[in-house]
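Please look over the sequence and the structure below before reading on. The paragraphs that follow take up the contact between two chains and then features within one of them.

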Amino acid sequence: MPTRRPSALLLLLGLGACSDGVATPAGQAPLRRLTPTEYNRTISDLYGFGTEDWPEHPEDEDLGSFPQTLPPDIRIHGFEGMLEGQVASPYLAERYANVARHYARFAPEAPRFWACTDRDEAACAEQSVLRFAHRAWRRQLTPDEVKRLTTAHQGFAANHGVETAVQLSVAAILSAPQFLYLAELGDSATVDAPGASDWAMASRLSYFLWDSMPDAELFERAAFGGLSTPGAVEEQARRMLAEDRAREAVVHFHRQWLDLESVYSTRPDFEAYATRYVTELSDPEAWAEEANEPDDPFADQDLEEAWSGALVGIRAGMVREAELFVERTVFDGAGTLEALLTDHHGYVTEVQGITSASTAVIYGVQPDQVHDSHRITEQFTDGNIDYELVLRPATYPADQRAGLLTQGAVLASHAHPVHPAPVLRGKFVLEQLTCTGMGQPPDGAEAAAPPDTLDAQSTNRERLAAATGDPICAACHDTLNPVGFAFEHYDSMGGWRDTDNGSPVDASGQIQLWGADPIAFNDAVELSRALAGQRRVYDCYAENWTRYALGRELRPTEEPDLVAIQDAFWATRGDVQELLVSIVTSPLFLTQTPSETPEN
Amino acid sequence: MMSPVNRRQFLSALGAGAGASAVATTGLWGPRAWAGTAPKRFILLSSGHGTVYDYWKMRPRGRTDRGDWSEDLMGLSQDAFSRALAPLHPYRSRLQILDGLSMATAELDISGYRHEKGWLHAWTGDWVHFTGADLFSTGPSLDQIVAGAIARPDRLPSLELQVEEGRPICHAGHSQQLPLEGDPRAAFDRVFGLLNSTDPLLQAQGSILDFAIEEYKGLRGYLRPADRARLAAHFDLVRQLEQRLVGLSEATCDTGSLLGLAGTSEGYDALFQSMADLVAAAFSCDLTRVATLSLGDLPSDDFGWGWYLSGDAHNDFAHRIFQDDASAQAMSDYTAAHAAQLAYLIGLLESIPDPEGGSLMDHTLIAWGSELGDGWHGYDRWCALTAGGGWHLDTGTYRHWEFGGTPIALLTGRGRIERCGLPHQHMLVDIAQAMGVGVDHIGLDHVRSKAGATIDLTGGLPATA
């Protein structure tokens, strides 16, 4: 532990850091760009405005102050922030320039900007700009960087007042690659930038566990070489996991892993579901009569709008349910992957908007299964209309629900408008939970799929089995279909059903995982419980997290380190927080440098 | 500090002479007169609330709703033009009026959000991405696709403008909605303003990017080759951006009297004209080759119906077009008001000589459509037209395709229909190809109807004989 603190200025000038000897070389992680999420959160931490306290845009209040939209990454395995998914485009370059300018306007007012009190003094502005660069670039500046920045700032100050000069310098700092990228200088840079590896470690930890920049304690550790042993890294990781931002970061991982937001793009059919799940619409004629003048020929569209309004709330409620479930399970509950896959508690949502709706109807829960005392109320807007979401903890029937796979968000986002989609559900489970890549369907596969109409003459399972019986189709569908059929008890919105087209639902099947005996099940609850006992599922989950932590694909030579992480995860019976600790203390994370450098 | 408003002076600086409109209406330069090496330009014009089909369509010389047919517009008198399109009669030689299209794919997308889905499908031809709070595109819009093919590297690739509250129709790619500029002065700044701007951050943008590029050079020495290449790819684009800024600040273009533009924004028509003038000036100096004008709602006074109902076009008129003929007439006049604005734009571009010969309009293609088919949110009758593009399109024609050829069920103002008109993607393809983009589809290349039929969306509009 350090015993003395160098002054901020000494640090900036590269004179103060003590290098206590680097026990673990930190290597040099491949150059990854901040994701839009990370960019905005970093700005928030740099400036120190609360989310609600951002001042209005000085030029145009309609623009909104925070956050700003940035071009999204291409998602790899469902995740942003992956090296392979980060390309640059002309629009991206222009947008970054504009967003840097936008945020720069707020710098002089930001609570965390000024390093000194004499704001009108040239020296104070200069010192603050240098300190800002040090924080924004997340490390000690090299002497060359100090020189260039000082020159640039003095140039701005010569032509403008203090405030404008500060804004210009901040725009420049935010446009530089040191801000936009997690740019590690590597071990070879120690002459220019002492302790480069410790600074790099601080950012690796903070962007993995918080989706944002390091806090003051991490910076202090980095400045004193206090992040150079696995023990020190572990200590910081445990401290960080106890903070609220870690909850949001863990939820963000699951949001992407489960592709939760795709539920927003689903198109449940009005005739199939509106009357069933939205009480207000259960009698369309009565509704039309009440909402419109009698004999209104346009009631169809009004009904559709009402249905759409109800769906906004239902979808948002389903996403929030999954997010809350993950957060509470990982941080306040059992904390394990097993619980994520088997726990039959959830959150029912009631929505008040233009149309009120409740997911309780979809989940078929009775009032005594809903716990009103722990309800959570959130505001939500779809841009035009404000909604109030009320989420209440609920206990679902244990023979109908088991964990994330049987929650509304996952079920509804893998469904066709009228009928559920066993192929999409099977593919999702195989790929996201067991890391079994199924590839893309061949040309013509889509055209051969059964039509998604209300007038079907058989069960969904029968129709799909018939459509995929051809040996060419069967090559993949023999694997996909049985897993997907496990979810046949859930309709396109995730509601439970005992019959399909008048026949009892057959949700039985089997799943064959690599290196394991086939597992038979009668329904999705049994499947979920079985998956929760499979090593393969734990290995896959750990692999997803590891890849996410590194922001890149793993190389074959890295397998032994991955296996060590997977062994540890299995040994804890799937403790998620311990998994994150074991990832950051793994040689993969500590040294980062891939043995083969990707050329793309 | 602004010089007095003097648009005429600006037009005269561009060589249009004092009577721009008068010159224009005579059709001084006919279509196809110049098809040489002059740069091609594209304008996307999008308005709200669709139109009223019965007041928009034309049935010249005994034509009916049956069959696919086309008619030569040159033979039509002013009286033979429809009420909604009457103001465009003087420019009929440049028009291609497209009757029989539908925005069918929007109907197959998520429930509700009919305006929003419409303005995304109209110009991207692709599904929407709904985040739970907003709708975004899943692909680029037509203007961006064209800009990607024809932009000059040292100039603005495209200009995105709105008049009042225009819909966000410009998209660079998945979830990349481009901001629309509605303030003529800010729009002017983006095109001409690097030297004239009063915003120090904008003025210094070149220095800011210079700094970033220097930092990139300083950093790259520390990086491994693969990372160096990744960073180079990004900062080459930053360099291009800087090059564009330099190019724009050094472009030779007489903007002296154009400064006055910023003041001419009283009222919808004046605002539209300011934006149109800006586009014409930008084209004339080749500062950009693609522009979008997204037109927000017209106040009822502006299309002559303030006496009937005061208030907004949306609820007072658009929603009532099938209930009340007065509202239908009002919304036809609403379309006619936009048609008059388009006529102004065509006239303006005709009146300005292209430095390469002919007029600007001879090398410009304008596409006009709406977010919806009709005011009651139907997608079934999507009324669209093009102006210009005579080097590729069969201009001076009215083209009709019989309704009902496509088996997609649409919700309309008159109940649900099982078959609709041609998916509008075919029009987008025609336009892209006219602008030299070598594609066979824009957005979706096929969709499936609910009944399972596969509908091909590739290729341009079929012949109408």
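How many salt bridges does the rule find across the interface of chain A and chain B? The rule, which asks for a side-chain nitrogen of Lys or Arg within 4 Å of a carboxyl oxygen of Asp or Glu, finds five of them across this interface. One of these pairs R114(B) with E304(A), whose closest N and O atoms are 3.2 Å apart.

The model is predicted, so that local features need pLDDT of at least 70 and side-chain atom pairs count only at pLDDT 80 or more, whereas totals for chains, interfaces and linings use all residues. Residues are numbered from 1 along each chain as its sequence is written, chains are lettered from A and ligands numbered from 1 in the order in which they are written, and side-chain values use heavy atoms, with hydrogens and water left out.

Taking contact to mean heavy atoms within 4.5 Å, 85 residues of chain A touch 67 residues of chain B. The size of an interface is often given as the accessible area lost when the parts come together; here the two chains bury about 6200 Å² between them, 57% of it on carbon and sulfur atoms (accessible area with a 1.4 Å probe, summed over both parts). Between chain A and chain B there are also 16 residue pairs in polar contact, both residues being at pLDDT 80 or more (a pair of N or O atoms within 3.5 Å; within protein, one must be able to donate a hydrogen and the other to accept it, and residues adjacent in sequence count only if both atoms are side-chain atoms). On the side of chain A that touches chain B, α14(A) gives the most, with ten residues (helices are DSSP runs of H or I with at least four residues, strands runs of E with at least two, numbered from the N terminus).

Within chain A, four strands form an open antiparallel sheet in the order β4-β3-β6-β5, where two strands pair if DSSP finds at least two bridges between them. Because β4 (357-358) and β5 (376-381) of chain A stand at the edges with a single partner strand each, one side of each is left without a neighbour in the sheet. Strand β3(A), residues 345-352, is joined to β6(A) by eight bridges, with Q352(A) and E388(A) as bridge partners, and to β4(A) by two, where E350(A) stands opposite S358(A). β5(A) pairs with β6(A), residues 386-395, over six bridges, and T377(A) has V390(A) as its partner there.
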